[in-house]
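I opened the notebook for a quick look at this chain. Here is what I looked up, in the order I got to it.

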Amino acid sequence: MNDAMLKTLTKARIHLTTALLRRDRGQTAVEYLGIIVVVVAIVVAITGTDIGNSIKNAISQKIADLTGK
């Protein structure tokens with residue numbers, strides 16, 4: 001094998017190995033879990049405080065204003 005071919009083969013193997021090692025397999029599941037945790041925290045904050053009733057009353061009032069009831 002000549003020197004140029006050996007260098008090319010070595011670069012190709014290194015590139016393939018690093019590409020295989022950098023896979024993001026499982027990353028999406030972690031991201032979804034993070035989003036779920038944030039949503040649950042928001043829901044708990046809204047339902048566990050008085051702000052949830054304030055939001056509900058404001059929405060109900062705007063619906064009543066729009067429908068005329």
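Which residues form a nonpolar patch on the surface? I found Val38, Ile42, Ile46, Ile51, Ile55, Ile59 and Ile63, with about 600 Å² of accessible area together. Nonpolar side chains (Val, Leu, Ile, Met, Phe, Trp, Tyr) are joined within 5 Å, like charges within 9 Å.

A note on the source: this is a predicted model, where local features need pLDDT of at least 70, side-chain atom pairs count only at pLDDT 80 or more, and totals for chains, interfaces and linings use all residues. Residues are numbered from 1 along each chain as its sequence is written, and side-chain values use heavy atoms, with hydrogens and water left out.

Next, the layout. I counted three helices and zero strands, in the order α-α-α from the N terminus. These are DSSP runs, numbered from the N terminus (helices: H or I, at least four residues; strands: E, at least two).

Back to the patch. Helix H2 (27-48) and helix H3 (51-67) each supply at least two of its residues. H3 gives the most, with four, and Ile59 lies in H3.

Just after H3, Gly68 takes a positive phi of about 80°.

Last, confidence. The mean pLDDT (the predictor's confidence in each residue, from 0 to 100) is 80 for the chain, and 86% of its residues reach 70 or more.

Note on methods:
Patches are made of residues with over 30% relative accessible area and no salt bridge: like charges are joined within 9 Å, nonpolar side chains (Val, Leu, Ile, Met, Phe, Trp, Tyr) within 5 Å. Accessible areas come from the Shrake-Rupley method with a 1.4 Å probe; for residues, only the protein chains shown count as cover. A salt bridge is a side-chain nitrogen of Lys or Arg within 4 Å of a carboxyl oxygen of Asp or Glu.
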